[in-house]
Amino acid sequence: MSLLRQGVNLVVVDDDPSMVRLITKLLAGAFDSHLHIESFTDAESARTRIDEGGVDILLTDLEMPGSDGLDLLRDAKLRKVDTQVVLLTGHSTLESLMQALELGAVDYLLKPVDHQQLIDLIRESVRRQLRWKQALAQTWQIERQRLPMKADPAATRIQ
Amino acid sequence: MSMVQNSEAYFSAYGSDPDLAELVAMFVDEMPDRVKKLQDAHTTGNSESLRQTVHQLKGAAGSYGFDQLTPLAAALEDSIRDQATEEVIKRSLLALVAACNRVRAGAAD
């Protein structure tokens, strides 16, 4: 699939470096090089990366010192509305989970992390992201075919 | 996923996994630093630092296949959040530290 060849950008954020190492290792082993994984242990660095754009999937810890996963979720959705956001959480209140859903999180993963569940969840997020990319590419092509007729008077005259 | 207990040592469920053994060994190597951080936070009375450190450990230990640490870390985190007595918190901390000191890299024989 050509869209898969373009790659999917995944950002992993957790303030515990050992969790970042484990998640990165598990995902790198389960997916081929088309899944580009970048990892961060603080929310500020992750925010800088999100602001650069192109983050397709954000897997972030919910509770981090100074900031939290919900802030990153908001930033990611503002920067790129089709970013798939998955939250990692050790414990959650109903309020924080409802808030995450309202802000557009697609799923959440409980700690301690079940390795297979992590892989399955990211695989589904990759599929969902590729479907979005495909839909956007198709729509863009249709729009491009229509635009010259509107924009170029010469083209309209020939017809 | 279950942790294997061999005499006094706790081995990770992933200790013999060729893909994860190295990471498990690194996690075990870093355990004394986590224990020191727990003890320092308790000694200085920094309950927020203690809660954050134990919260991290609770999530990481089970993820690394050291399941036996998870309920001990959860008990300590709950006692801090519930503002339990110093005696209860200290007892939970000692139980957790004792378990942390038993983790080993590799696998049981």
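Colleague: Which residues of H2(A) meet H1(B)?

Modeller: Ser18(A), Arg21(A), Leu22(A) and Lys25(A) in H2(A) meet Leu23(B), Met26(B) and Phe27(B) in H1(B); contact means heavy atoms within 4.5 Å. The residues of this contact comprise four nonpolar, one polar and two charged (Ala, Val, Leu, Ile, Met, Phe, Trp, Tyr, Cys and Pro are nonpolar, Asp, Glu, Lys and Arg charged, the others, Gly among them, polar). The model is predicted, with local features needing pLDDT of at least 70 and side-chain atom pairs pLDDT 80 or more, while totals for chains, interfaces and linings use all residues. Residues are numbered from 1 along each chain as written, chains are lettered from A and ligands numbered from 1 in written order, and side-chain values use heavy atoms, without hydrogens and water.

Colleague: At what angle do H2 of chain A and H1 of chain B pack?

Modeller: Two packed helices are described by the angle and the distance between their axes. Here H2(A), residues 17–30, and H1(B), residues 21–29, pack at about 175°, with axes 11 Å apart (axes are fitted to C-alpha atoms over the stretch in contact, and angles run from 0 to 180 degrees between N-to-C directions). H2(A) and H1(B) are therefore roughly antiparallel, the term for angles over 145 degrees. Helices (H or I, at least four residues) and strands (E, at least two) are DSSP runs, numbered from the N terminus.

Colleague: What is the order of the strands in the open sheet of chain A?

Modeller: Strands pair through backbone hydrogen bonds, parallel or antiparallel. In chain A, five strands with parallel pairing have the order S2-S1-S3-S6-S7 (pairing requires at least two DSSP bridges). S2 (35–40) and S7 (107–110) of chain A are the edge strands, each pairing on one side only. Five bridges join S3(A), residues 57–61, to S6(A), residues 84–89, and Asp61(A) has Leu88(A) as its bridge partner in S6(A).

How values were computed: Angles under 35 degrees count as roughly parallel, over 145 as roughly antiparallel, 65 to 115 as roughly perpendicular and the rest as oblique.
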